[in-house]
2 protein chains.
Amino acid sequence: MPNHAPTPTAVKADLMVCPRWIIPVEPYGVVQEDHALIITNGQIVDLLPREAAIQRYTAESIETLPDHVLIPGLVNTHTHAGMTLMRGIADDQPLKTWLEDWIWPLETRWVSTDMVRDGTLLACAEMLLSGITTFNDMYFFPEAAAEAVDQAGIRASLGILAFEVPTAYGHGADDYLNRGLATRDALRDHPRLSFMLAPHAPYTVSDATFDKVATLAAQTGLGIHIHVHETQQEVDDSLRQYGERPLERLERLGILGPQTLAVHAVALNDSDIALMARHNVHMAHCPTANLKLGSGMAPSSQLHAAGINIALGTDGAAGNNRLDLLSEARLAGLLAKGMEQNPGLFPAHSLIYMATLGGARALGLQDQIGSLAIGKHADLCAIALDSTATLPVFDPASQIIHCAGREHVTHVWVDGQCVVKKKHLTEISHGEIYAKAKTWENRFRG
Amino acid sequence: MPNHAPTPTAVKADLMVCPRWIIPVEPYGVVQEDHALIITNGQIVDLLPREAAIQRYTAESIETLPDHVLIPGLVNTHTHAGMTLMRGIADDQPLKTWLEDWIWPLETRWVSTDMVRDGTLLACAEMLLSGITTFNDMYFFPEAAAEAVDQAGIRASLGILAFEVPTAYGHGADDYLNRGLATRDALRDHPRLSFMLAPHAPYTVSDATFDKVATLAAQTGLGIHIHVHETQQEVDDSLRQYGERPLERLERLGILGPQTLAVHAVALNDSDIALMARHNVHMAHCPTANLKLGSGMAPSSQLHAAGINIALGTDGAAGNNRLDLLSEARLAGLLAKGMEQNPGLFPAHSLIYMATLGGARALGLQDQIGSLAIGKHADLCAIALDSTATLPVFDPASQIIHCAGREHVTHVWVDGQCVVKKKHLTEISHGEIYAKAKTWENRFRG
């Protein structure tokens, strides 16, 4: 950087980030070279050419990233963070067997505030190191997940769970909803926490509970996070039980709307897609989990063509088995190109959009995060493009999607706080994570 | 490790590797815990429990890897290493446009021994850091690729190219074949080089040239490396031009056999699969490239069911854009599970097999590499499973496929020589690679 002194009237800032490239996501498809991002009080206050930035601002801290591209922090719109402790415990099983023979029995025995806190902390560590700055969670004991989120310095949208079966967390749907709402009340001033209503899925939630969820959504303005049409089996079962496809039933019960996030959405026909479009429902596309569990491939290009906002999710690490949104973005693009035999589908910028602003919109947080727009929270992800795997660089957007892995994420900021620095977590000790993971590994084996 | 002194009659060895787990691939599906691998003169001489190893052997060098799994080095059965310098130069294009409007014009202008040597060196660096110890190449100027291979310390099978169109490398098919054979003669004593005949594809090679290739294969015993049925367009064009499907034409011309490696094999009908099975043809499955270029998805589970050996390839970095065989293995498994809606297909051990011994068989090197069998070359890859992304560990095979990325590869040996140590190349300077990549980036932009 040239050795310009700031002018005497320079504006004070907390942080100036000077990467080689910036992809702000808004405006769409733009790559800015040799610009600087200015942050004060955790907010983005300016984005301007580096030379001008050096003249105009005097920052307490300057981060120069000569071979890096800076993008908004990634938004993981669907996971079950606490389940990370069960990663890889029962691979190569169908969804039903995997849930009924493995996951649910383990959860019955072990789910607790301790497990959720430790599992979520492991998940937060993995996600931050992968460039994810916000995740949308659906799991038991969100108050314990919140403790991990608070410690890790990540941002999260936590689920106010609802389904019928009793567990260690509660007696049934009403109890879950009450507990979740109480957690939200207790934590509503936390700067990095938000909440969504999280009725688990059409096949685990009764009409009566959906009625309550719809009422709560209307009263509170909270969004709704729900698994939908994950498998053809789910659709067939619903047709048998209710005489309706799950999305039809959800429409009847008032669950579909512009604050509803439909997770998976694999087994869809044209009228399902039209229904989702009509209600401006968002989609959390989880391509790895859908393939790995044999559910199939979501018709992402048809959903996109219908105008539906597609966001990306990793699903839980027990199923996927990685909390790696960059690889979900790459796979989402590859699958659509391959399925439709059209390599022009979902170019790199559109996948970066899905992984950032698309995710923010799906969580109702588009005014706060998802792009490097002035006034938004400084949730940032820097990716180095100087390794053997990412050279040469003709197009930084392409490199992010098709070459870079999460291992090339070097710096991550949430609310302007540096939570990953030179590939190391600043708020979480790896020794603590390792010891806790091994402790739970031994318990689950026992 | 306990402090046992070796017995007075201890056998001398060059290297003892003591990882937490070993997956030898032969026998299939086995994970050995707390074993040691013994290497002398570049060969595997023993694999035994660690305690016994410490008693029996005294090694010049001991590598203790307490959280690592040791597997055979990965075998990348299809790439165009020199093209790595064109990585990401024209993404989101159909195969024909990509080749005819972008790649071929650039190659016409720039292909040279310098470009091939520099591009191959970059590719070798990326591949070694990704755990790949052997690659099968098809590109111009194999003598220049050989220089990079020699420097990098990797193992390679180089293509003796054949196709009709003249280029900077030669005047046409006969000239290419003569040049390739001369290169092979000059390098036949190189300990890490082997060769395959490499007629480019049915649509670029004449019947007369295929006749010569078939004769040469019979005379020399060399295998044949060829792109086959990459797109439906290729099949349709062949039906128009020859009245035969490409595989039928290759059968008529004597090109199919147990030393033939059919790359891609996407656009197949049942009789194509039966034909491949009847001739014991191997398949180089390149799932990322096939998706990214919109070619489609190879029917891998049908090929496997027909008894065809499936190996994995990255294809060239200009198309893929990563030389990352671990991610190809994961994607191969995910795609098959998703396409067939059967999560039991291709369990983790079968994908590790594809990436190692399946690849060795496809290159005719199964007696030398591909498993940790006594007498084979010590081509090894150690993967650390102690990071946030790979904890906890219930099944090391699952972790390798579904959680680990190439960034978790810590040590790589080829012929017993350590070429990657603690994630750093020992034989190649990153500064040299970086400078060369940037030089070519500027030339291609110009």
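The centres of domain 1 and domain 2 of chain A, taken over C-alpha atoms, lie 30 Å apart in this predicted model. Domain 1 of chain A comprises 11-72 + 378-415, and domain 2 spans 74-362, with bounds from an automatic or database domain assignment. Local features need pLDDT of at least 70 and side-chain atom pairs count only at pLDDT 80 or more, whereas totals for chains, interfaces and linings use all residues. Residues are numbered from 1 along each chain as its sequence is written, chains are lettered from A in the order in which they are written, and side-chain values use heavy atoms, without hydrogens and water.

Between the two domains of chain A, 26 residues of domain 1 are in contact with 28 residues of domain 2, contact meaning heavy atoms within 4.5 Å. About 2200 Å² is buried between these domains, 66% of it on carbon and sulfur atoms; buried area is the accessible area (1.4 Å probe) that two parts lose on being put together, summed over both. On the side of domain 1, the most area is lost by A:Y28, A:I401 and A:R406, together 33% of what that side buries. The domains are also linked by 4 salt bridges, each a side-chain nitrogen of Lys or Arg within 4 Å of a carboxyl oxygen of Asp or Glu. A salt bridge joins the side chains of A:D379 and A:R155 (2.7 Å, N to O).

In chain B, helices α12 (residues 325-340) and α14 (residues 396-403) pack at an angle of about 95°, their axes 8 Å apart. Helices are DSSP runs (H or I, at least four residues) numbered from the N terminus; axes are lines fitted to C-alpha atoms over the stretch in contact, and angles run from 0 to 180 degrees between N-to-C directions. α12(B) is therefore roughly perpendicular to α14(B), a class covering 65 to 115 degrees. B:L326, B:A329, B:R330 and B:L334 of α12(B) meet B:I400, B:I401 and B:H402 of α14(B).

Technical notes:
Helices (H or I, at least four residues) and strands (E, at least two) are DSSP runs, numbered from the N terminus. Angles under 35 degrees count as roughly parallel, over 145 as roughly antiparallel, 65 to 115 as roughly perpendicular and the rest as oblique.
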